[in-house]
Amino acid sequence: MGTGSSAWEIASVFVGGLATLAIFSFLIKENGFYRFFEHLFIGIAAGLGPMLVVRDFLWPNIVEPMLGFSVRTYPDGTPVVPYQPLYLLYLIPMGFGCLYYFIYSKRHAWLAKIVIGFTLGTSGALAIRGFFSEAIPQVASSFKPLIVFEDGAFSIFASFNNLLFVLTLLLVLNYFLFTFGREGSAQGKIAPLGRPLLMVCFGAFFGSTVMARLALLVERVQFIVRDWVAAVGTIVGFG
Amino acid sequence: MGSRRIIYLIMLVAVAAPILLGISQRPSRLVSAERMYDVLEKVEVKPGEVAMVWMDFGPNTIAENEPQAMVMIEHLFRRRVPVVVLSQYQQAERFLSRVPQTVARQLEAEMPDQKWRYGEAWINVGYKPGAAIFMQSLVNAADLSKFLGRDVNGMPLSNYPNFAAIGGVERVKVVGEVTGLVGVFDTIIQFFQKKGYRPVIIHGCTSITIPEAYIFLDSGQLHGLLEGIAGAAWYSEVLKKFHPQSDNKRLLVTNTALSAAHLVIIGLIIVGNIMPFFTRWRSRGDR
């Protein structure tokens with residue numbers, strides 16, 4: 001925190017540090033201080049979402065143009081761009097979306113089902129499109145050459161990497177192949193080889209999860225030791 | 001004091017010591033970060049062309065994602081690439097303004113004769129809800145400036161010469177995605193493209209999502225990757241190599257504190273696995 005920090009900045013750092021210590025106090029034991037800040041955080045996160053949707057999206061993109069608030073005028077009162085009444089067409093999808101609220105009516109709940117059906121259909125279509133644009137390049141990239149030449153010379157390292165990749169891919173895919181009877185078949189005998197490879201993968205995920213959690217701890221300790229202590233120092237008059 | 005609390009205390013000391021003493025070690029080399037550096041180094045923008053950086057993170061992953069966003073934006077600013085910052089994540093609001101402002105201040109302190117001003121070097125168009133549907137509309141918009149409309153302060157983009165007429169999505173030369181949220185990242189990979197346009201995507205991920213992000217790096221869907229704090233730390237070292245005035249001390253201390261914590265965990269795992277043998281050996285001796 002710089003020496004020229006505003007009172008508002010100092011106050012926010014002070015409250016932030018207090019909240020951090022409150023949450024960490026859970027490590028000693030469950031307590032009221034912790035619970036207060038936990039609820040405070042949930043409340044803020046819940047309130048922030050709708051506010052941002054209204055401020056950054058609904059108001060500037062829908063309400064303002066629809067009601068003509070976004071029309072700027074020259075000093076003589078003539079509009080720079082005339083009001084566009086076509087924006088009123090937004091009322092159609094908005095009205096359609098509002099049918100969702102009929103879910104609370106026993107008699108008219110079927111109206112909500114139309115919106116739910118529409119949403120499910122749209123989401124399904126988007127998911128299919130998304131899946132193909134994400135997965136196809138990955139499938140294509142899994143066809144790796146097992147013998148790799150780099151600058152005209154055979155690269156043992158790159159070849160080994162690709163061999164390991166292809167072997168892992170095939171063994172793990174085979175591990176999850178449950179369609180055919182495994183007993184006594186070659187596929188069944190090879191299947192257990194996929195398990196240790198999966199365990200390596202889970203180990204990597206676990207290790208990286210631990211690393212992420214520790215990174216959070218480092219950042220918070222850094223914040224407390226540097227910023228918060230400086231803010232407290234400023235408040236009590238040492239800064 | 002229970003053994004669990006002793007472990008917490010050891011971890012706290014391990015993390016706090018390098019921070020309090022200002023100990024910093026050189027980070028390990030990360031090729032994925034160097035790939036990203038090369039990508040940004042090659043970006044050439046004509047007037048109207050921009051980079052788009054999505055900061056889809058909140059306080060819960062600030063530790064890793066903020067340093068990544070900082071080094072990414074620092075490099076883009078140094079290269080004078082106009083940056084549009086925005087987010088699909090509500091809680092990113094504060095970072096959308098803080099990160100570019102901090103980077104601009106640092107660069108201006110480093111080079112007092114140069115300026116990085118809001119509206120010239122970057123604009124913040126704020127939080128954009130709608131995920132895949134928004135992304136579809138964005139990539140199909142004829143003019144991104146008109147589609148995005150206004151910045152977070154309510155100013156029309158037409159007021160900022162560098163961002164007044166961006167045109168179609170093809171004019172976005174680099175897409176940066178800094179997030180720890182897999183679903184949000186997927187939205188970029190899946191929908192930030194259209195027929196004839198596949199963007200250059202660079203990504204800053206949290207440690208948890210590194211194994212998953214590697215799949216995209218390997219398949220060529222990502223062109224560069226920052227792996228947690230370590231990725232940001234190495235990137236800052238590469239930046240420092242070419243810009244010696246760049247100050248990355250704090251990031252290196254953070255990375256060192258993380259390494260110290262890792263060493264303690266490895267030590268605890270070893271001790272935890274040896275102790276049962278030791279206890280058994282002692283109980284046999286007592287008999």
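**Figure 1. Contact between chain B and chain A.** In this predicted model, 49 residues of chain B are in contact with 47 residues of chain A. The two chains bury about 4,200 Å² between them, and carbon and sulfur atoms account for 63% of that area. Four salt bridges are found across the interface of chain B and chain A. Polar contacts between the two chains number 11 residue pairs, both residues being at pLDDT 80 or more. On the side of chain B that touches chain A, the elements giving two or more residues are helix H1 (3-21), H3, strand E3 (122-127), helix H5 (131-140), helix H7 (182-191), H8 and helix H10 (249-286) of chain B. By class, this side of chain B comprises 27 nonpolar, 13 polar and nine charged residues.

**Figure 2. The salt bridge of A:Arg55 and B:Glu93****.** The side chains of A:Arg55 and B:Glu93 meet with an N to O distance of 2.3 Å. The pair crosses between chains: A:Arg55 belongs to helix H2 (residues 32-67) of chain A, and B:Glu93 to helix H4 (residues 93-110) of chain B. A:Arg55 has a relative accessible area of 36% and is therefore partly exposed.

**Figure 3. The salt bridge of A:Lys144 and B:Asp218****.** The closest N and O atoms of A:Lys144 and B:Asp218 are 3.0 Å apart. A:Lys144 lies in the loop between helix H4 (109-141) and strand E1 (149-150) of chain A, whereas B:Asp218 lies in helix H8 (residues 210-219) of chain B, so the pair joins two chains. A:Lys144 counts as buried because its relative accessibility is 19%, and buried means under 20%. B:Asp218, with a relative accessible area of 40%, is partly exposed.

**Figure 4. The salt bridge of B:Arg150 and A:Glu64****.** The side chains of B:Arg150 and A:Glu64 meet with an N to O distance of 3.4 Å.

**Figure 5. Salt bridges within chain A and within chain B****.** A search of the whole structure finds 15 salt bridges over all chains. In chain A, A:Glu219 forms a salt bridge with A:Arg220, and the closest N and O atoms of this pair are 2.8 Å apart. A:Glu219 counts as buried, at 16% relative accessibility, while A:Arg220 is partly exposed, with a relative accessible area of 22%. In chain B, a network of salt bridges links B:Glu74, B:Arg78 and B:Glu110.

**Figure 6. Helix H3 of chain B****.** Helix H3 (residues 62-78) of chain B has 17 residues, which at 1.5 Å a residue should span 24 Å. The end C-alpha atoms of H3(B) are 23 Å apart, in agreement with that expectation. H3(B) is mostly covered, with 17 of its 17 residues buried. Just after H3(B), B:Arg80 adopts a positive phi of about 60°.

**Figure 7. Helix H1 of chain B****.** The 19 residues of H1(B) should span 27 Å at 1.5 Å a residue, and the end C-alpha atoms of this helix are 27 Å apart, which agrees. The buried residues of H1(B) are B:Met11, B:Ala14, B:Val15, B:Ala16, B:Pro18 and B:Ile19. An α-helix has 3.6 residues a turn, so residues three or four places apart point the same way. Just after H1(B), B:Gly22 takes a positive phi of about 65°.

Conventions:
Residues numbered from 1 in each chain as written. Chains lettered and ligands numbered in written order. Predicted model: local features only at pLDDT ≥ 70, side-chain atom pairs only at ≥ 80, totals over all residues. Heavy atoms only, no water. Helix = DSSP H or I, 4+ residues; strand = E, 2+ residues; numbered from the N terminus. Expected span 1.5 Å × (residues − 1). Buried < 20%, exposed > 50% of the residue type's maximum accessible area, 1.4 Å probe, protein only. Contact = heavy atoms within 4.5 Å. Buried area = accessible area lost by both parts, 1.4 Å probe. Polar contact = N/O pair within 3.5 Å; in protein donor to acceptor, adjacent residues only side chain to side chain. Nonpolar A, V, L, I, M, F, W, Y, C, P; charged D, E, K, R; others polar.
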